Amino acid sequence: MGFAKQIGVVRFVFLLLLIVFTAKAECQTGSKVIEYNTRIKIYNGLLEETRSYLIEVSDKQSDWISDITIPFKKGNKLDIIEASVLKPNGEILRNLKMKEIVTKSYISNGAFYEDNFIKEFSLRGSEYPYRINYSYRIVYNAFLTISDWIPILYPDVFTSKAYLSVELPNDYRIKINSSGKFDYKADSLANSNVLSWEIKNIAPVSKEILMPPFREQVPFVTIVPETFNYGIPGSLRSWRSFGEWIDRLNEGLTNLPVSERFIIDTLIKGLKDNKQIIKKLYHYMQDHTRYINVNIDIGGLKSYPASYVCTNKYGDCKALTIYMKALLEQAGITSFYILVNAGKNPVLINPEFPSQQFNHMILCIPLEKDTAWLENTSNYNPYNYLGTFTQNRYGLLINGEKSVLVRTPSMKPDDFLQTTNYYFKLNSEGSGHAIMRKEMKGDEFEKYIAAKEELTVSDMKELIENEILPNNFELINWEISHDDRDIPSLKMNLDMAVSNQFRRISNSLILNPVQIEFYNLEKPEVRKTPVRIYYPINRKDSIVYELNLTNKYKTALPKDVNIQSRYGFYSVKHFLNGQKIYIVRKFQMYNNEYPVSEYPDFYSFLEAIRK
């Protein structure tokens, strides 16, 4: 029988593994910041900051630049000095009128009350290009930071020139941390010193996949006083002195009402093991309080007392942590609160520059052979689970004169293992039924445990359909279970109707398995920033296809793949058993940071997997 005739009677099922890359969108504009000047002066214990801007708006898509918002805090005096719309040649088209300025309270997401305010106004022009010119002055009566300046207003807008000057009394002692190619000057006046930084022609910062935070990619100048009076006197000479100030600021806040002490004593009666006691009290705190941001008083650094949480049943991260600390004190257990910079991709703390670099508070409890760590703002976090929000970073442990910078625990690859098992039963048209059994850990667990507790049934179904279901899948039934509140994993079971799982080419059928989603990485020739993977990626997939046509078709499976790299690994195995095709797929990417010089190798690793 000739080869051409064989093709007519022997048909093939091919198995192809495809990778989907997520599209990346960037915002670009032809507008530019012509001048951005910041002048700071310290006198009589006050800090006066004057900012002025000259910006050119090139087109209608850039009109958002002319909608101005100026934030300030209660007790700080804000004055708008000038604001106008100009022609490109500098001719004034109109001046802002005072009645056009709107002042209102600013409540951020999740906040119940804040002492933050904003002034808003618009400087839109009618013909393009036009320029906007405005300046304002704020006087601060207390401060921990003299300047935390970056010479960029908007990441995607070119800056022609930026300038910072700081005028200080001759005997005023400061600490400076800066990075960037500045033109720096220091001048001495009769009673003061003037320090200045200037930089020109700052290009927009590209938004790139897996890049470190924007704040770490731009020039900056941070200046703090060695000593300050912010509520009470304090010092930034060391982490120890800063922690001692925080401790004094929050002194005496753990006193509990008699009624609360009685409840705690009753709850832990008969419990001897400290871990059991901590877990019992942590669950009590989770079940009887909720997180609300109440950012007022001493810049948000001074907490509300534990009694406030007892009365109101809510608090911010500081108040809930102080409350949890108070519950433990009632049980005779010592704990320490820790300041951290929270976030899944946080700006890294500079351990050599003691200063206020934090935005969150957690609690740690030293035990005989271990340490327990508690996130107190979540009603559903497992006991002793920090998660991606605060794992693997520096934190300032507050313990009076023994305050010290520590590192929070780092999550391991097994803590992120996403295990997914698919079972497909398909007819000859590529339609049929599929079952998915999924175990979620790490970032996926955190996302879906929050969704499980907070979303409605219909919203949860929509989330699953949008983020879990592949194309050509229809959700029939779904279930999410959490076996134990203190186990950081979820189980998801999906029943689905599927279609179009085959692609027909001539007499062959091509089967496209469920795809792995990856990042749409920039090509090496255009990449400008390092890669930072703050926590590992770890996935294991098992896919079974039951096909009632393997006895009619010759089945061709791809070769197995095994790619090993210092960045991670990828493997996939395929085998046939009767009428079933099996696929076992593993992928892991290690947490690390890689410089731009190493990016081509990192890119090649993922490109090899894609191919």
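Guide: We shall look at a pair of helices and then at a sheet with its neighbouring helices. Please note that this model is predicted.

Visitor: At what angle do the axes of α3 and α4 cross?

Guide: One compares the directions of the two axes. Here helix α3 (residues 258-267) and helix α4 (residues 274-288) cross at roughly 135 degrees, their axes coming within 10 Å. The crossing is right-handed.

Visitor: Which residues of α3 and α4 meet?

Guide: From α3 come E260, I263, I264 and L267, and they meet K280, L281 and Y284 of α4. Sorted by class, this contact has five nonpolar residues, two charged ones and no polar ones.

Visitor: What is the order of strands in the open sheet?

Guide: The eight strands run β30-β31-β29-β28-β36-β40-β39-β38, and their pairing is mixed. β30 (473-481) and β38 (561-565) each have a single partner strand, so one side of each lacks a neighbour in the sheet. From one strand to the next, the twist averages 10 degrees.

Visitor: In which sense do β28 and β36 pair?

Guide: Strand β28 (residues 417-426) pairs with strand β36 (residues 537-547) in the parallel sense, over ten bridges. Y423 stands opposite V544 in β36.

Visitor: Which strands does helix α7 touch?

Guide: Helix α7 (residues 442-454) packs on the sheet and touches β28, β29, β30 and β31; its direction makes about 80 degrees with that of β31. Helix α8 (residues 457-467) also packs on the sheet, touching β30 and β31, and its direction makes about 120 degrees with that of β30.

Conventions:
Residues numbered from 1 in each chain as written. Predicted model: local features only at pLDDT ≥ 70, side-chain atom pairs only at ≥ 80, totals over all residues. Heavy atoms only, no water. Axes fitted to C-alpha atoms, helices over the stretch in contact; angles between N-to-C directions. Helix = DSSP H or I, 4+ residues; strand = E, 2+ residues; numbered from the N terminus. Left-handed = near helix turned anticlockwise from the far one by under 90°. Contact = heavy atoms within 4.5 Å. Nonpolar A, V, L, I, M, F, W, Y, C, P; charged D, E, K, R; others polar. Pairing = 2+ DSSP bridges.
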